[in-house]
Amino acid sequence: MLRIDLDICIGCGVCEETCSFGAITLEDGEPRVDDSCNFCGACVDVCEVEAITIEREEKAARADLSEWSGVWVFAEFRNKRIAPVAFELLGAGRRLADQLGVSLSAVLMGSGLDGHAESLIGYGADTVYRVDHPALAHFTDDAYGNVLEDLVREHKPEIVLAGATAIGRSFIPRVATTVDAGLTADCTGLEIREEDGALLQTRPAFGGNIMATIICPHTRPQMATVRPMVMRPNEFDSDRQGEIIDVIPDANRLESRVRVLRSVMEEQDKVNITEADIVVAGGRGLENEKGFALLHELADLVGGAVAASRAAVDSGWVSYPHQVGQTGKTVCPKVYIACGISGAIQHVVGMQSSDTIIAINKDPDAPIFDVATCGVVGDIFEILPQLLEKLKARKGK
Amino acid sequence: MKIVVCIKQVPDAKDVRLDPKTNTLAREGVASIMNPYDRHALEAGVCLKEQYGGTVTVLTMGPPQAEEVLRDAVACGADEAILVSDRAFAGADTWATTYTLAKAIEKLDGYDLVLCGKQAIDGDTAQVGPGLAQRLNIPYITYARKINECTREVIRLERMTDDGYDEVEMDLPALLTVVKEINEPRIPSLKGKMKAKKLQITTYTAADLKADPNCLGLKGSPTQVARVFSPEMRGDRSMITGTVAEQVEQLFEKLEDCLS
Ligand SMILES: Cc1cc2nc3c(=O)[nH]c(=O)nc-3n(C[C@H](O)[C@H](O)[C@H](O)COP(=O)(O)OP(=O)(O)OC[C@H]3O[C@@H](n4cnc5c(N)ncnc54)[C@H](O)[C@@H]3O)c2cc1C
Ligand SMILES: Nc1ncnc2c1ncn2[C@@H]1O[C@H](COP(=O)(O)O)[C@@H](O)[C@H]1O
């Protein structure tokens, strides 16, 4: 229940303005809450006189939280390799586990896993639960879900993390439902709360317009899918020691009601923007395909990949696999060069952790300059051609 | 074939903007729309009905005004509409939402296929589809981009993966979540609009569903929102100034540092 103490309320209306659900309206200077309230707490935070509180009735039966311990990472294995996000999760998971003083485990499932569990240890896992079985060769929600569910029930980890990939976002919700755990989707931040060791899971909502921090106070495990390319992996350490435990699931738990008839890899784009060290990105400011030709030239000269804002993709100047942002890819290159991109939050979430961000924009107030480590106010059609000349001369040398 | 489509009313994300002065969400003029992905789920359902016969029932859990999206869906070809609405449902996270939707679907007179959108654009979780299938104890496929074949017993389709697609099949009853690529949604017909106007909407309350109050709404939700805030910008605004030639020179030096 959202409670507004009318004795304290001064009728300033800030709560009404803040509510993104339109759930609060001021009538005769008194705020009223309707059914569309989502209990997000935004009004509680902005109320200067602290008149608003959220009262939560707690569930009668609570799980004994102390039985649950350890941090787990689901290590996605696809097309004969571990998905890079698994190493990123081990980096984040190591940090969380060390802070909590518990161990970090990885769950590796698939078929033909020889040699892969060791790399998970090198990246930070203390224990690897390895489930190597032909029935797991193709991903199915049923088999992957059953196996992870059984392991979670048996070992009771307090935190379970998985990549927010097509696979993670498909079967993790199923596991969370069966074990009655809370699940936070597509997180971009993970912290441990000092006071009680709760996992603070931060994620964008409303297409990136707001950030929300989610907690699961009364249930375990605390489960989250995490966006690829946001967390940093630790350095690989071939000397790290860890334990590999082979798990043999019951045959009936490996059955799937979904049958995979064929798995097709589609031709990947020539350059994968998520793997490039230098990303050269263009937006609506490039005006047309010709503008993008300049960008391609720049990319070739510096050995980078071409990316784009959604506006540029929607205009048809480049294809969707090049899109960076909330509804595109997240990238984290050494250098990100943004040309004619305004820096809408939906774009920025996909590139803000790049080491160096260079922005060229003719509008000095463009929000892209708020994230740029090096901003240039100017016209790209003047700056880029001159820069290209210089780079060509350098190459010629 | 009995098809159920789960639709959600959401604020139009295009309009949800931060007010730079107050740093809060400006909701002035934010329209409520049918979640765009659910429109594709609805279209898929109506197409299957047209091909194989049957009925399409749309279902939404939300406040009374969510009725609007149900009428919209009927105008686009749905036959029946159910509003799952009760104050007790308010504040539900995906765990409590799937509990409630499953109760509502189990109350229906049977079903062969449940269709959901890939995700709702307000929360962007994409968790309701898989969670709902689990509660109904039926197989499911996420990211469906093409239905190749559907009989009374089995459905064959393509599921998008991170690097291509899988061809998969499963027995009915089953659940799908669909991506935009699956179809081009139709616009409402005149006849549909007339029908939508006259439509009798069935409402299910918590009591109708015989739901466990401990599993509903805010109280039944394992996740809690601890804080909402505006995304932060790094914000050091370090700028290169001067004439164009000077700017280019500095930019070039900067790049050389990075390249070497
Ligand atoms: C739900 C949702 C999801 C979204 N997801 C994404 C996403 O994943 N990725 C994404 O990028 N966007 C996304 N968007 C869109 C985003 O909000 C912006 O609309 C988009 O990023 C704007 O692209 P832009 O910067 O190229 O264009 P604009 O905002 O039009 O900016 C163009 C910029 O170019 C500058 N300019 C123009 N001419 C010149 C010149 N000659 N020289 C120098 N500068 C020049 C202008 O000053 C301006 O700043 C999303 C939006 C929503 C609602
Ligand atoms: N309150 C709701 N009522 C009906 N369907 C819903 C509701 N919430 C989510 N859905 C369905 O579940 C899908 C995924 O939503 P979400 O998990 O919230 O991203 C949506 O596209 C809808 O099809």
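This is a predicted model: local features need pLDDT of at least 70, side-chain atom pairs count only at pLDDT 80 or more; totals for chains, interfaces and linings use all residues.
Side-chain values use heavy atoms, without hydrogens and water.

Ligand 1 lies between chains A and B. One of its oxygen atoms is 3.0 Å from a polar backbone atom of Q326(A). An oxygen atom of ligand 1 is also 3.1 Å from a polar backbone atom of G340(A). A nitrogen atom of ligand 1 is 3.0 Å from a polar backbone atom of K362(A). Taken alone, ligand 1 exposes 990 Å² (Shrake-Rupley method, 1.4 Å probe). The protein buries 85% of that.

## The shell around ligand 1

Helix 8 (310–314), helix 9 (345–348) and helix 10 (380–396) of chain A each give two or more residues to the shell. Helices here are DSSP runs of H or I, at least four residues, and strands are runs of E, at least two, numbered from the N terminus. Around ligand 1 there are 28 residues (a heavy atom within 4 Å). S309(A), T327(A), S342(A), Q346(A) and N361(A) come nearest. The shell divides into seven nonpolar, 15 polar and six charged residues. Ala, Val, Leu, Ile, Met, Phe, Trp, Tyr, Cys and Pro count as nonpolar, Asp, Glu, Lys and Arg as charged, and the others, Gly among them, as polar.

## I8(A)

I8(A) sits in the loop between strand 1 (2–4) and helix 1 (14–18) of chain A.

Technical notes:
Residues are numbered from 1 along each chain as its sequence is written. Chains are lettered from A and ligands numbered from 1 in the order in which they are written. A polar contact is a pair of N or O atoms within 3.5 Å; within protein, one must be able to donate a hydrogen and the other to accept it, and residues adjacent in sequence count only if both atoms are side-chain atoms.
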